[in-house]
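Me: Please walk me through the strands, a helix and some loop residues here. Keep it short.

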Amino acid sequence: MKRSPQAIIMLVLIWLLLPLSEVQASGIITVNLDNYYYAHTNQPGRTYFKDKYGSTVIYGDTSEHNAQIYQLSVSTQGLGSGDKVYVITPDGAEHLYTGEFFMYLDQVEHFSLVLDKASSGETYAKMSQTYVHDDSNGGAYLYYNYTGTTPTQYGSLPAATPTSTVTASATPTPTPTPSPSASPTPTPIYDVNPYQAGDLLVWSNPLVNTGYVAIYKDGELLASITDNPRDTATYPLAGNGVYTVKVVSTQGNLIGMGSVTITDGSVGTATPTPSPTPTPTDPGGSGGTGSSDCTAGCQTIIDMLECPEWDTYMGEWANMISSVIPPPPDWDMVASKIGAATINDFAQWAGSVPAPPSKEEIDNETSAQNPQIDSSVETDGLTPQVPSDYSTGQIVFDLNQDAPTIEVNDESQPFSITDPLADMPHDDPGVKVIPGDPRNSTGGFKDPDHVDTGDPAPAPTIIFDLPRPTPNPVPAATSGSGPVPSSLSGAPPTPGGSGGSGAIPDTTTGIVPIPSGGGG
């Protein structure tokens, strides 16, 4: 398979730099434990994981045993063909660990891990991390990293010695992949989880160096995908049966496998022509010599990809990356916390939400109670008294015969309604009035015509008598002349001298003297 040197370099740089990024989720506490939980054996059979104290059970809270475990992560080395790791939950059920970065649990308080070996090679499996919700610790979410050094390390155990039940002529179980190189390195096998999507077979390729993908149906090879196998994860179904997907690395190691049984009769039955199975070499290389246009750096990368330890190395990198990437949040838990906080804040100023009423309370509040019957009333006299005809059959009523005659005395007098326009000038209906028409002039205001109704004019009714003002007094008109000053003798007083009597106006008519305007 031809790989772009630029793409390979970019991939390596991304894998090298990812573990250097520190990821810290908000509200999550990371705790490093000086403990380990692992299994290390080279014997077939079941081996339980143990911690440094010899316990085979892991609790979310070692003191109160009431914390909920959401996730766990396990790293393996030398996991051979048929070797599996199982998670044993409190109900006794065993769940296959699929080799994902994190395996989700159903919020259990404790679990155990067991290594079920079918191969005779050395296998080392160690739990690296758990994700826990501890209610007793203020509702905290914690990552527990198991950082303790295990007593034994991978590579310290030889391969198991065959037992006496295995004869020298026994034929080993053939592997479905090309034979590994002279120095084989055990490689973790990922579960590719194949499933049906319409008329397609779909699977998930592992994040390692993929050489080709082989598709089997009922044990027969359908096709081998060698053209861009890393990004190819679908294949057309060819009828019902058991489909097996095997992913092989460029070194010829089986790195992924999974099976699924298809029973849907709607898929087709045509079987495509199988592609030839490639040899267990890297299709993108050229035996380590490199292409003519490959630089020294490019050739170094090609040599690195062809290294037998490449798959194991990248698996270790994947485990390191998984230890620093937090899992996605539990959105149901987040929603419940937000809802509870909202209700608590609302209750601070609006009061607590009352508990919903029960069905019995609703029935009592909405059902009308029948009144109590008063049995003290005697009912003997309540029987209606009816004529005897009611008991002899149907009664026929004849209104014309049985009804009494009513005399009608109509003393009403006719009256007429006068047209209100009869006594006033008016235009006929529909006649238009034109500005300036003399008919528009009323000839000025005039008093209404007197209408004699023949009835006497009503006298005004005095509701109450207002007080009337008292008339001003008037001098009595007596005969005679007005009073005249008496005529006294003597000169009137004269400024600066003396004289006779004062001047007395006479009663004769004449012109009233007016002082002149001259001086003197």
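Reply: Two strands pair if DSSP finds at least two bridges between them. Helices (H or I, at least four residues) and strands (E, at least two) are DSSP runs, numbered from the N terminus. This is a predicted model: local features need pLDDT of at least 70, side-chain atom pairs pLDDT 80 or more, while totals for chains, interfaces and linings use all residues. Residues are numbered from 1 along each chain as its sequence is written, and side-chain values use heavy atoms, without hydrogens and water.

Me: Which strands stand at the edges of the five-stranded open sheet?
Reply: The pairing is mixed, and the order runs β13-β20-β19-β16-β17. A strand at the edge has a single partner, so one side is left without a neighbour in the sheet. Those edge strands are β13 and β17.

Me: Which residue in β20 is the bridge partner of Val248?
Reply: Strand β19 (residues 241-249) pairs with strand β20 (residues 254-262). The sense is antiparallel, over eight bridges. In β20, the partner of Val248 is Leu254.

Me: How far apart are the end C-alpha atoms of helix α4?
Reply: The expected span is 1.5 Å times one less than the number of residues. Helix α4 has 20 residues (331-350), so it should span 28 Å. The model agrees: the ends are 28 Å apart.

Me: What is the relative accessible area of Asn193?
Reply: Asn193 lies in the loop between β13 (190-191) and β14 (195-197). Its phi is positive, about 50°, although it is not a glycine. Buried means under 20% relative accessible area, exposed over 50%, partly exposed in between (1.4 Å probe, protein chains only). Asn193 is partly exposed, at 35%.
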